[in-house]
Amino acid sequence: MAPRTILYTGKGGVGKTSVAACTARRCAAAGARTLVISTDPAHSLSESLGVKLGGEPVEVDGRLWGQEVKAQEELERHWSGVQEWLGELFVERGVDRISAQELTVPPGMDELFSLLRLQAHHQSGEWDTIIVDCAPTGETLRLLSFPDVARWWIEKVFPFERQILAAARPIARSLLDIPLPSQAVFADIQRLSQNLIAMNEILRDREHCTIRLVMNPDKMVIGEAMRTFTYLNLYGYLTDAVIVNRLFPPGVGDYFADWRRLQEQHLERVNSAFSPVPVLCAPYFEQEVVGPEMLDRLADALFCAHEPAEVMHTALTQELTVSETGARLRLALPFASKGEISLKKIGPELIVGVDGQRRTIMLPPAFAGLRPTAATFADGALEVSFDGEQ
């Protein structure tokens with residue numbers, strides 16, 4: 001049976017690592033053999049748990065293990081052939097060796113390779129629950145959303161490309177004066193493509209794998225979380241909860257009273273934008289959330305009404321599909337009626353009104369040149385069609 005897998009992502013500095021660590025502690029306390037793994041290049045999981053972690057799982061407490069994936073080790077494991085080939089090519093073109101080494105790793109690839117460790121742990125059968133503290137952005141998850149491209153490489157390119165290059169390599173080397181890819185390069189790319197396909201299948205297993213967004217009640221942070229939420233829905237990944245961390249408690253005092261009122265307004269926007277996904281809230285504690293005692297306090301606040309490992313929401317609230325001629329958005333509105341619904345598109349935002357309440361959906365860049373041309377409402381769902389601007 002596949003392990004229960006929860007990935008936490010969100011903007012840097014929102015307390016994502018603390019939320020991941022407290023979830024893992026609570027799952028282990030419930031009897032699940034649990035691994036919490038950090039793929040964030042700026043690791044802080046060791047400080048959060050109070051235990052020195054490394055590139056392999058380290059026992060933390062009873063049924064809990066922790067790991068901070070070392071990006072350089074993963075690069076060497078997955079990308080060494082490509083790095084060697086590209087490095088040689090850059091050096092021959094006059095780039096100094098240090099710069100050439102940096103240029104061989106595209107932005108985001110180190111985070112992608114770190115996240116691929118999840119696949120190995122998933123297949124090992126050692127864990128009941130895996131909690132992932134992702135890099136502070138949804139970009140890594142977007143890199144995993146192209147299984148069709150990976151399959152195309154495997155099915156169309158690899159059977160013939162190696163044979164052609166093997167025959168042409170001596171001639172091309174003398175004529176073009178560039179090193180052509182070796183078998184090791186193709187082995188790296190093929191292995192990466194296969195891993196992307198496997199990771200995509202893991203993340204789309206909505207019975208066992210979900211993603212949770214962590215945010216603070218701040219306008220810019222919420223906006224980024226909304227964009228990430230849209231991308232996750234676009235690529236078919238299930239968000240089963242959102243976490244609003246560091247809320248000032250009622251009666252916080254005169255100095256923070258205005259902040260508290262502003263946070264309440266932002267919390268209303270969160271509830272509207274992410275509905276019907278559950279919104280879990282945690283207070284701004286009087287001290288830093290570090291170590292077992294504070295992590296357990298955070299878990300008490302977040303999971304007072306839920307079990308941490310349960311799938312708290314089971315359906316995509318938005319389904320977006322993009323084609324060459326247009327796009328379609330399907331939005332679940334289970335308790336609305338057709339006469340209550342209104343639509344307006346302002347820049348990248350689609351504003352859906354239901355009986356005087358507004359919900360803002362951040363549309364991806366692919367929708368930038370499109371306008372809503374038709375809308376239907378049936379079976380509790382709104383479908384909006386988009387076509388190119390005229």
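In the predicted model, Val-244 stands opposite Cys-281, a residue of strand β8. This pair belongs to the contact between β7 and β8, two strands that pair in the parallel sense over four bridges. Strand β6 comprises residues 209–215 and strand β7 residues 239–247, and the two are joined in the parallel sense over five bridges. A further bridge places Leu-213 with its partner Val-242 in β7. Strand β7 is mostly covered, with eight of its nine residues buried.

These strands form part of an open sheet of eight strands, arranged in the order β3-β4-β2-β5-β1-β6-β7-β8 and with mixed pairing. Its edge strands are β3 (58–61) and β8 (279–283), each of which pairs on one side only. From one strand to the next, the twist averages 25°. Helix α11, spanning residues 254–274, packs on this sheet and touches β6, β7 and β8. The direction of α11 makes about 180° with that of β7. In general, the strands of a sheet pair through backbone hydrogen bonds, in either the parallel or the antiparallel sense.

Within the order of the eight-stranded sheet, β5 stands between β2 and β1. Strand β5 covers residues 129–133 and includes Thr-129. The relative accessible area of Thr-129 is 4%, and the residue is therefore buried, the cut-off for this class being under 20%. When neighbours within four places in sequence are left aside, Thr-129 is in contact with Pro-3, Arg-4, Cys-27, Ala-32, Arg-33, Thr-34 and Leu-35.

Leu-35 is also among the residues touched by His-121, together with Ile-37, Pro-57, Gln-67, Trp-127 and Ile-130, residues up to four places away in sequence not being counted. His-121 lies in helix α6. This histidine counts as buried because its relative accessibility is 8%.

Helix α6 (residues 117–124) also meets helix α9 (residues 183–203): the axes of the two helices come within 10 Å and cross at roughly 65°. Helices α6 and α9 are therefore roughly perpendicular to each other. The crossing of α6 and α9 is left-handed. On the side of α6, the contact is made by Leu-118, Gln-119 and His-122, and on the side of α9 by Asn-195, Ala-198, Met-199 and Ile-202.

The loop between α9 and β6 contains Arg-204. With a relative accessible area of 34%, Arg-204 is partly exposed. Its contacts, not counting residues up to four places away in sequence, are Tyr-235, Gly-236 and Tyr-237. Arg-204 and Leu-238 are 34 residues apart in sequence, while their C-alpha atoms are 7.4 Å apart in space.

A further open sheet has four strands in the order β9-β10-β15-β14, and its pairing is antiparallel. The edge strands here are β9 (318–322) and β14 (370–378), each pairing on one side only. Neighbouring strands of this sheet are turned by 15° against each other on average, with direction ignored. One of the paired positions is Ala-327, whose bridge partner in β15 is Phe-386.

As to the protein as a whole, twelve helices and 15 strands are present. Of its 390 residues, 49% count as buried. Among contacts with a separation of 6 or more, residues 24 or more positions apart account for 71%. The accessible surface of the protein comes to about 18800 Å², and carbon and sulfur atoms contribute 53% of this area.

Definitions and conventions. Residues are numbered from 1 along each chain as its sequence is written. This is a predicted model: local features need pLDDT of at least 70, side-chain atom pairs count only at pLDDT 80 or more; totals for chains, interfaces and linings use all residues. Side-chain values use heavy atoms; hydrogens and water are left out. Two strands pair if DSSP finds at least two bridges between them. Axes are lines fitted to C-alpha atoms, for helices over the stretch in contact, and angles run from 0 to 180 degrees between N-to-C directions. Contact means heavy atoms within 4.5 Å. Buried means under 20% relative accessible area, exposed over 50%, partly exposed in between (1.4 Å probe, protein chains only). Accessible areas come from the Shrake-Rupley method with a 1.4 Å probe; for residues, only the protein chains shown count as cover. Angles under 35 degrees count as roughly parallel, over 145 as roughly antiparallel, 65 to 115 as roughly perpendicular and the rest as oblique. A crossing is left-handed if the near helix is turned anticlockwise from the far one by less than a right angle, and right-handed if clockwise.
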